[in-house]
Amino acid sequence: MPLSGLDGRWWPWRRKKKEAYQEVVKQENREKEAMKLLEKEQMQKTAMELLEQYLQFQQEVEKEGKKEREGCFEAKHPMSAFFLFSKERREALLQEKETILEISKIAGEEWKNMAEEQKAPYEEEQNGIFSCASSI
């Protein structure tokens, strides 16, 4: 079907207009992508700065904590008087070649049968450890 004179004249104009529009859209898309990359890069820089600040703060806290805790018992929960007793007793019972289960039973029975005067040194040692741990 032949194009009329009017349609034939406007057809190239539409194509040029469409191409110009597509160029503008491509340019805008490139600008949007560039802005996204810039924002992403800025967020990464900010995150890295915050991470460095956090790590520096953490190192300072560890240094201060180590100064305060020097010479103190390092466990979160210090040993009780019974555990201090059983630690000493376990060494002697291991030399007699007892099993771990038997050693635990023997130490428990001995602790139950001990008088308060015999338990006192272990309780004093426990109090010394607790006072050091509570100052942390």
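The secondary structure of the chain consists of four helices and zero strands. This description refers to a predicted model. Read from the N terminus, the elements follow the order α-α-α-α. Helix α1 covers residues 5-69, helix α2 covers 81-95 and helix α3 covers 100-113, and helix α4 covers residues 116-134. Of the 136 residues in the chain, 14% count as buried. The accessible surface of the chain is about 12,100 Å², and 56% of this area belongs to carbon and sulfur atoms. Among contacts in the chain with a separation of 6 or more, 65% are between residues 24 or more positions apart.

In soluble globular proteins, nonpolar side chains tend to be buried together. The largest nonpolar core in this model has seven residues, namely Ala81, Leu84, Phe85, Ala107, Trp111, Met114 and Tyr122. Helices α2 and α3 each supply at least two residues of this core. The largest share, three residues, comes from α2. Tyrosine 122 has a relative accessible area of 13% and is therefore buried, the limit being under 20%. Leaving aside residues up to four places away in sequence, tyrosine 122 touches Ala81, Leu84, Phe85, Glu88, Trp111 and Met114.

Aromatic side chains were examined next. A pair of aromatic rings is described by the distance of the centres and the angle of the planes. Five aromatic pairs were counted in the model. In one of them, phenylalanine 82 and tryptophan 111, the ring centres are 5.8 Å apart and the planes stand at 70 degrees, so the pair is edge-to-face. This pair links distant parts of the chain, with phenylalanine 82 in helix α2 and tryptophan 111 in helix α3, 29 residues apart. Phenylalanine 82 is partly exposed, at a relative accessible area of 25%, whereas tryptophan 111 is buried, at 14%. Tryptophan 111 also pairs with tyrosine 122: the centres of these rings lie 6.3 Å apart and the planes are at 65 degrees, so this pair is edge-to-face. Because tryptophan 111 lies in helix α3 and tyrosine 122 in helix α4, the pair ties together parts that are eleven residues apart in sequence. Phe82, Phe83, Phe85, Trp111 and Tyr122 make up one aromatic cluster.

Side chains of opposite charge can pair when their charged atoms come close. Two salt bridges were counted. Glutamate 110 and arginine 89 meet through their side chains in a salt bridge with an N to O distance of 2.6 Å. Glutamate 110 belongs to helix α3 and arginine 89 to helix α2, so this pair ties together parts that are 21 residues apart in sequence. Both residues are partly exposed, with a relative accessible area of 25% for glutamate 110 and 24% for arginine 89. Another salt bridge joins glutamate 41 to lysine 45, where the closest N and O atoms are 3.6 Å apart. Glutamate 41 and lysine 45 both lie in helix α1, four residues apart, which is about one turn of the helix. Glutamate 41 is partly exposed, with a relative accessible area of 41%.

Helix α1 also includes leucine 51. At 42% relative accessibility, leucine 51 is partly exposed. Together with Met48, Tyr54 and Leu55, Leu51 makes a nonpolar surface patch of about 390 Å².

Technical notes: Residues numbered from 1 in each chain as written. Predicted model: local features only at pLDDT ≥ 70, side-chain atom pairs only at ≥ 80, totals over all residues. Heavy atoms only, no water. Core = buried A, V, L, I, M, F, W, Y, C linked by side-chain atoms within 4.5 Å. Buried < 20%, exposed > 50% of the residue type's maximum accessible area, 1.4 Å probe, protein only. Contact = heavy atoms within 4.5 Å. Patch = residues over 30% accessible without salt bridge, like charges linked within 9 Å, V, L, I, M, F, W, Y side chains within 5 Å. Areas by Shrake-Rupley, 256 points an atom, 1.4 Å probe, with all protein chains shown as cover. Salt bridge = Lys/Arg side-chain N within 4 Å of Asp/Glu carboxyl O. Phe/Tyr/Trp six-rings, centres within 6.5 Å; stacked < 30°, edge-to-face > 60°.
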